[in-house]
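Work through the exercises below with the model open. Try each task before reading its solution.

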Amino acid sequence: MSITKDKVSGLWKVDVRVGKYGRRYRKTCTTKRECIEYIDFLKAKYQEGKPWKAEAADNRRLTELIDIWYKAKGCDLSDGEPRKRLLLAMADILDNPIARALTIKDFHEYKNIKKAGSATDKPIADKTVNNHLGYLRAMYNTLIKSKDIRYRNPLEEAEMIKTQQPELAYLTNDQIKTLLFHIDTGCSNPHVGLITRLCLSTGARWGEVESRQLYHFKDYRVQYSNTKGKRIRSIPVDSQLFDEISAHLKVYKRFESSIGAFRRALKRSGIQLPKGQASHVLRHTFASHFMMNGGNILVLQKILGHSDIAMTMRYAKFDPEHLKDATRLNPLSSQLCNLHTSDKYANKAVGHFLDTSTNSPIPQP
């Protein structure tokens with residue numbers, strides 16, 4: 001029995017005979033671990049008295065697996081079609097390799113190409129690289145579960161790039177007033193003001209609000225469907241805003257695309273935001289103010305429609321009580337407490353306290 005690594009291709013080769021006079025098996029694998037699992041599999045079959053005829057090598061190309069994945073899983077995803085186009089573009093840059101022979105090194109070369117950019121494509125950010133790796137890895141995992149492929153995920157051990165946590169910008173009360181002023185006085189678009197107010201009132205994404213029609217508004221609540229998390233949310237709306245929206249949609253039937261008008265109003269307002277944040281700042285503003293005003297983090301999770309509480313916990317820092325113990329339980333605070341106490345009793349021992357405004361002693365009875 002031998003397991004060797006080809007120095008040229010980087011692939012692992014196993015050569016094993018099961019039993020003293022048994023059949024000899026040879027196989028090429030992407031990892032040493034896969035070789036060991038293959039040997040264990042052959043031994044188990046031999047113990048059962050069922051000699052195993054090795055399957056033919058799976059030489060399907062990456063694009064073939066992408067098509068199989070799309071029919072099995074991708075077509076059911078809300079972003080399935082654009083994700084398929086992205087995967088096919090990745091396969092093209094990778095020269096459409098044999099799918100089982102794809103290596104982590106191959107992906108690193110793809111990463112370097114995309115991060116460098118070209119005359120036609122802008123360089124992509126680290127977070128986008130991580131997304132691409134996640135999409136490709138998820139495709140392999142789906143096909144493994146469905147038994148369409150019978151080898152390990154070649155990108156299973158590929159590491160994500162550690163990225164800086166994005167800044168969660170939000171608008172202050174004064175900035176909200178400024179933004180609404182520029183929308184109300186400078187926009188000819190009749191929808192943008194109500195969409196902005198509804199985003200601020202319910203924490204919804206711009207696209208979720210923009211797709212609402214009159215029948216989504218009932219009993220002073222708005223229903224959000226076809227959401228990113230695929231969950232229906234029903235959120236209460238202030239009665240005055242609800243009446244304004246209802247009257248508006250009775251005339252216009254539905255909201256129309258207004259993101260361009262919003263961005264222009266935001267620019268006129270002079271409000272500076274981190275790169276990549278525009279309408280999404282409204283959602284952050286709702287969540288931040290919700291927690292600053294004493295809201296419950298679990299209620300916020302339901303309002304925002306997060307499937308994972310970890311996403312919502314980003315806003316916990318805005319709770320007035322969040323990390324408040326840091327000022328009370330740190331090691332320096334105990335030293336300061338002891339210092340203040342000793343000073344108090346020292347002053348009392350000499351029959352006076354100090355007047356902190358004049359730093360002069362106050363006689364004590």
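A charge sits over a ring if NZ of Lys or CZ of Arg is within 6 Å of the ring centre and within 35 degrees of the ring normal. This is a predicted model: local features need pLDDT of at least 70, side-chain atom pairs count only at pLDDT 80 or more, and totals for chains, interfaces and linings use all residues. Residues are numbered from 1 along each chain as its sequence is written, and side-chain values use heavy atoms, without hydrogens and water.

**Exercise 1.** Find the ring faces under Lys 27 and Lys 84.

Solution. Start with Lys 27: it lies over the face of Tyr 38, 5.2 Å from the ring centre. Then take Lys 84: it lies over the face of Tyr 70, at 4.6 Å from the ring centre.

**Exercise 2.** Classify the aromatic pair of Tyr 220 and Phe 242.

Solution. Apply the rule: rings of Phe, Tyr and Trp (its six-membered ring) pair if their centres lie within 6.5 Å; planes under 30 degrees apart are stacked, over 60 edge-to-face, the rest tilted. The rule gives six aromatic pairs. In one of them, Tyr 220 and Phe 242 have centres 4.6 Å apart and planes at 45°, so the pair is tilted.

**Exercise 3.** Is Tyr 220 buried or exposed, or partly exposed? And Phe 242?

Solution. Set the cut-offs: buried is under 20% relative accessible area, exposed over 50%, partly exposed in between (1.4 Å probe, protein chains only). Tyr 220 has 41%, so it is partly exposed. Phe 242 has 8%, so it is buried.
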